[in-house]
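Please open the model in your viewer and keep the selection tool at hand.

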Amino acid sequence: MGLLRLLAALLTLTFLSGTLPAQTAKKAPPKAAEKASGNAAEKASGKAAEKASGKAADAKAGAVVDINRAAAAELKTIPGIGDAYATAIIKGRPYANKTQLKTRGIIPDAVYEKIKDQIIAKQ
């Protein structure tokens, strides 16, 4: 009888300690880690950086960028668009359609051909 109790206790401890082979460790979700951090300014700057990097990742992943509304930083995420082209695109707003980038001489035809599937001109 004592041996059964001992075996039951060992199995219970093994189960509760999480050392059974069938169990896997779970990672805490990023938001839980964020809540653990007590610095509000750090959280705010982290969210802003996350949002900015999210926009950059979206543009690189095939998302369409609106040339009538995008900020310079977002325009520069498009391959082939740097500071000068981003500034020229912003100065030339509004655009009725995206082809006006090349018809107005904002960007060269070769650059337009590379980016035409990544941009749109919403009204």
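The model is predicted, so local features need pLDDT of at least 70 and side-chain atom pairs count only at pLDDT 80 or more, whereas totals for chains, interfaces and linings use all residues. Residues are numbered from 1 along each chain as its sequence is written, and side-chain values use heavy atoms, with hydrogens and water left out.

**First stop: Asp66 and Arg69**

Select Asp66 and Arg69, which form a salt bridge whose closest N and O atoms are 2.9 Å apart. A salt bridge is a side-chain nitrogen of Lys or Arg within 4 Å of a carboxyl oxygen of Asp or Glu. By this rule the count comes to 4 salt bridges. Asp66 counts as buried because its relative accessibility is 12%, whereas Arg69 counts as exposed because its value is 53%.

**Second stop: Asn68**

Now select Asn68, in the loop between β1 (65–66) and α4 (72–75). Helices (H or I, at least four residues) and strands (E, at least two) are DSSP runs, numbered from the N terminus. Asn68 has 14% relative accessibility and therefore counts as buried.

Which residues are in contact with Asn68, leaving aside its neighbours within four places in sequence? Display Arg93, Pro94, Tyr95, Ala121, Lys122 and Gln123 to see them; contact means heavy atoms within 4.5 Å. At Lys122, look for the backbone oxygen, which lies 2.8 Å from a polar atom of the Asn68 side chain.

Move to Lys76 and Asp83, joined by a salt bridge with the closest N and O atoms 2.7 Å apart. Lys76 is partly exposed because its relative accessible area is 38%; Asp83, at 53%, is therefore exposed.

**Last stop: Glu113 and Lys102**

Finally, select Glu113 and Lys102, whose side chains meet in a salt bridge at 3.7 Å, N to O. This pair links distant parts of the chain: Glu113 belongs to helix α7 (residues 109–115) and Lys102 to helix α6 (residues 100–103), 11 residues apart. Glu113 is partly exposed, with a relative accessible area of 41%, and Lys102 is also partly exposed, with 30%.

Methods
Buried < 20%, exposed > 50% of the residue type's maximum accessible area, 1.4 Å probe, protein only. Polar contact = N/O pair within 3.5 Å; in protein donor to acceptor, adjacent residues only side chain to side chain.
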